[in-house]
Amino acid sequence: APGPGAPTQAGVYQATLDEVKEAQRNVLFNGLVEACDGNSHVFHTLPIQIIQIAVAVISYMGEESTWANRIFRRDIPLKAGQSILDQTIEILSRRSGGKEDGGGRRKVSDMMRRGLMTYMERVVLAEKAKAPWRMGHGNPLAYEILTGSGITELVRYGVDVLNDLVLTHKKFIFVPSETSKEHFLTIGDALRPLEYAVISDCSDDLEKILKGGYRGEWEKVKDKYLEPFCMEAGPKVVMGVYRASSIAPAKMFYAHRDYVHEAALIALADSVMQEHRGCPMLIDMADGICKTYFGAESLNRPVQFALAQSGEAYRYLDERVTRN
């Protein structure tokens, strides 16, 4: 029986080889699952920062789609009516990193970049994917989205997308590459091949996010958007671990409590095809498409060409790029 505070679905379950084969034949290979993964790259120079974010979705029917966006960020705005000298002093002061000047140069942080990428992945799964089952990478209730990564708009828009995917659609499976929940993986290491364990829901994790220091505009966003969503989603998203083979490490997964057993079986069925990794192959395929079409060189080469065309081929390149 589940322990105190555990979801009613908690427990250890054994999938059979026949169930795995049936899930492969009738669900995965029938195109009823679409997986999504994304990547992001940055080209950083003094005058401009360029961020490229790409997302791919694929199914075993061979259907694939990709989306990409580039963000151009300058921290040298042109202000009418202000002298060049005053603007130059302001830029130098801001880039010096003093607290009174906002802590340094205005640029897109790595966390903000991850937040935008995870948001794009969930938008694609919620609005673009057509298959009944949606498979994603990481935590569906991504920390980067729910904390905003420095942008209140990301919380507002992110909550709407997560509502559609997590609370309305419900048929999702998310598998992270790594997790800080080592106690979950300890349980997973004790599982037999094709076993999975449903351990907990996300209530405690979301409660920790709500206890953050929210003030001003952030407090309004928390009260209107974040808290109602977290209170509803926390008990409905459950976490567990599974083990696909005797040589594979245990992997963590997230699913809706109403479909957790179907989700775990799909994750197992897709992961047994990579006996040594024990990870869903569809996610690896989506990642491979992203790297093929939108790898780092798809950003670096056109930017370097543009710099060369403007007569600044080497001026803004990183030292390591020109070392060889």
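**Rings and strands in a predicted model**

Biologist: Which residue lies over the face of Phe184?

Modeller: This is a predicted model, in which local features need pLDDT of at least 70 and side-chain atom pairs pLDDT 80 or more, while totals for chains, interfaces and linings use all residues. Residues are numbered from 1 along each chain as its sequence is written, and side-chain values use heavy atoms, without hydrogens and water. A charge sits over a ring if NZ of Lys or CZ of Arg is within 6 Å of the ring centre and within 35 degrees of the ring normal. At 5.6 Å from the ring centre of Phe184, the residue is Lys181.

Biologist: How many aromatic pairs does the structure hold?

Modeller: Rings of Phe, Tyr and Trp (its six-membered ring) pair with centres within 6.5 Å; planes under 30 degrees apart are stacked, over 60 edge-to-face, the rest tilted. One of the pairs is Trp133 with Tyr259, edge-to-face at 6.2 Å and 90 degrees. The number of aromatic pairs is 5.

Biologist: How many residues apart in sequence are the parts that Trp133 and Tyr259 tie together?

Modeller: Helices (H or I, at least four residues) and strands (E, at least two) are DSSP runs numbered from the N terminus. Trp133 lies in strand S5 and Tyr259 in the loop between strand S9 and helix H9, so the separation is 126 residues.

Biologist: Is Trp133 buried or exposed?

Modeller: Buried means under 20% relative accessible area, exposed over 50%, partly exposed in between (1.4 Å probe, protein chains only). Tyr259, at 26%, counts as partly exposed. Trp133, at 8%, counts as buried.
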